[in-house]
Amino acid sequence: MLSIWANSTCLSIDPINYARGDELIQNLHRMKSGAAFRYVWGKQARAKFNAMVDSSTAAIVNSWWSINQPVYAVQSDGTADVGTCYITNKQAPFASFRSGNNTLWMGAIELEGF
Amino acid sequence: MYSVSSGFISTAAQANAPWKRKFTLGGSDYSARVQKWPKVQRTWNAIKPGTVTIDLTNDDRAFNFFVSAPTNIKATGIVQLGFDYAVGSTEYITLFQGTVDAVQLREGVCKVTLADKFKQLADRLIGDQTTPTNYTGSSYLVHDLAWYFCTSHGGLSAIQSTSNPDIDWTSFNSWTSIWSTDNVRMKALVKGKKITEMLSRISDMTQSAIVIENNKVKFGRYSIADSPAFSLNEAHVFDTQLVIDEREIINRVRVSADYSTTSRSFAITVTQADSTSIDSYSLKEEIYDDDSIWFTDSVSALGTTQRVLTQYKNPYGRITAMSALSAAQTTVGDTITYTDSFYAIDQQSYRVMAEVINMDDGSKTFELDDTQLQSAFRLDISLLDGTDVLT
């Protein structure tokens, strides 16, 4: 289970196909001698997962997405802490009902730390 | 060289040095908001306002204070590079400090342009056509004129000690001893010129370096090769360019002196030539005849002719070396040794004449040459009974 907090609201979402895609903000310079200098300026945490949620959860997530609300996301077992991040989907995370069901919304959430 | 600890130097040399970048504006740390870090550039004799532009995220309208309170445009911005050591201490070198010159807000991005201390000297004029500023009543030592331009006209602090916040007193004091010892004197009649322009003329005529370092105007005339501040070689350099430009050769120099503001002519012109260079590369002349600032006598003018001739009578290689940040503390004016097997350069001494630090990708470009390195060895000959002097 994944918990996402913002503005005193906590949502619990069961992620499907949860994947981390962290990226280092870095530069690598290869010298004439072959030596390499690598400078890591920071780390950007990224996570992406699918989910099916109820209307209320879908509406809250979509509203956070629409106003670029910083959220705090964490795996409930504490093993995959994402931290403070933005919901970076290009389109609203939950935009369609699950097939054959008009109460559960399905979609994907993309999170990026900063 | 930037004043740094030995720990800084040893950390900078590491292949995985934990570099940090810092941007503060009006005392607040906005490092986390920087989208694009600037390139910071300095050249030994480019006396004009230096600027850097930093792209900051403004999605949450944090920088709208520039709109609501435009006086914030006078805020001081500082750009730094350094380390947070594991023990908790922090050591940064200040690459650029200045006031906000312009702010551009566009959608979610705020571009802040900072201008350094030369901006103040470029904003102000000395004299005008109706009321020229007259320094012809006496013969002034070079540094006295530079001091008056910077302080009386430029508004920089006139404190004659290391507590001067605008002028690097230590370097200025050393610079004064050159002109006092040689008794090099000038006069000036300025009719509405920017202070940076007048300093540029002094720099040109005396072959002096005037740069901004640690937010202070630093003066100097490079002389002997100092102890190398760094040994730059293929372990630090990832790209090199070497340019030899015949157009930079000067083998006959004329410096005009003792200008009469009445007759509008110079009473003296000191000329020196190098016959060997003329034979080899044909005649290439340079003249220094400025009617806003001039040497008062032939002895004062002679130093410039000799120096320019020594420096530029032979073609020289100007090296542009792109390196990692391992020599970040090395800066304009420092002597370094350079080694490049491809060009068969083996631990040769050069002086850093310009630098560009790319804070975005963590690289540093050095421009090196040996024109301002008086002990640089160059193969030269002198003819018996000739007038030229081997240096």
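**Questions on chains A and B**

Biologist: How many helices and strands are there in chain A?

Modeller: This is a predicted model, in which local features need pLDDT of at least 70 and side-chain atom pairs count only at pLDDT 80 or more, while totals for chains, interfaces and linings use all residues. Residues are numbered from 1 along each chain as its sequence is written, chains are lettered from A and ligands numbered from 1 in the order in which they are written, and side-chain values use heavy atoms, without hydrogens and water. Helices (H or I, at least four residues) and strands (E, at least two) are DSSP runs, numbered from the N terminus, and in chain A they follow the order β-β-β-β-β-β-α-β-β-β-β. Chain A therefore has, under the definition of helices and strands, one helix and ten strands.

Biologist: What is the radius of gyration of chain A?

Modeller: This value is taken over C-alpha atoms, and the globule rule is 2.2 Å times the number of residues to the power 0.38. For 114 residues the rule gives 13 Å, and chain A lies well over that, so it is more spread out than a compact globule. Its C-alpha atoms fill a box of roughly 65 × 30 × 30 Å along the principal axes. The radius of gyration of chain A is 17 Å.

Biologist: Which radius of gyration does chain B have?

Modeller: Chain B has eight helices and 24 strands, and its C-alpha atoms fill a box of roughly 75 × 60 × 35 Å, taken along the principal axes. A compact globule with 391 residues would have a value near 21 Å, with which chain B agrees. The value for chain B is 23 Å.

Biologist: Which strands are the edge strands of the open sheet of seven strands in chain B?

Modeller: Two strands pair if DSSP finds at least two bridges between them. The order is β2-β1-β6-β7-β8-β5-β3 in chain B, with antiparallel pairing. An edge strand pairs on one side only, which here applies to β2 (28-29) and β3 (34-36) of chain B.

Biologist: What area is buried between chain A and chain B?

Modeller: Contact (heavy atoms within 4.5 Å) involves 14 residues of chain A and 26 residues of chain B. In chain A, A:K32, A:Y39 and A:W41 lose the most area to chain B, together 47% of what that side buries. Buried area is the accessible area (1.4 Å probe) that two parts lose on being put together, summed over both. Carbon and sulfur atoms give 56% of the total, which is about 1500 Å².

Biologist: Which residue of chain B forms a salt bridge with A:K32?

Modeller: A salt bridge is a side-chain nitrogen of Lys or Arg within 4 Å of a carboxyl oxygen of Asp or Glu. The count between chain A and chain B is one. The closest N and O atoms are 2.9 Å apart, and the partner of A:K32 is B:D340.

Biologist: How many residues apart are B:E213 and B:R42?

Modeller: Their side chains meet in a salt bridge of 3.9 Å, N to O. The pair links distant parts of the chain, with B:E213 in strand β13 (residues 209-213) and B:R42 in strand β4 (residues 39-43) of chain B, and the separation is 171 residues.
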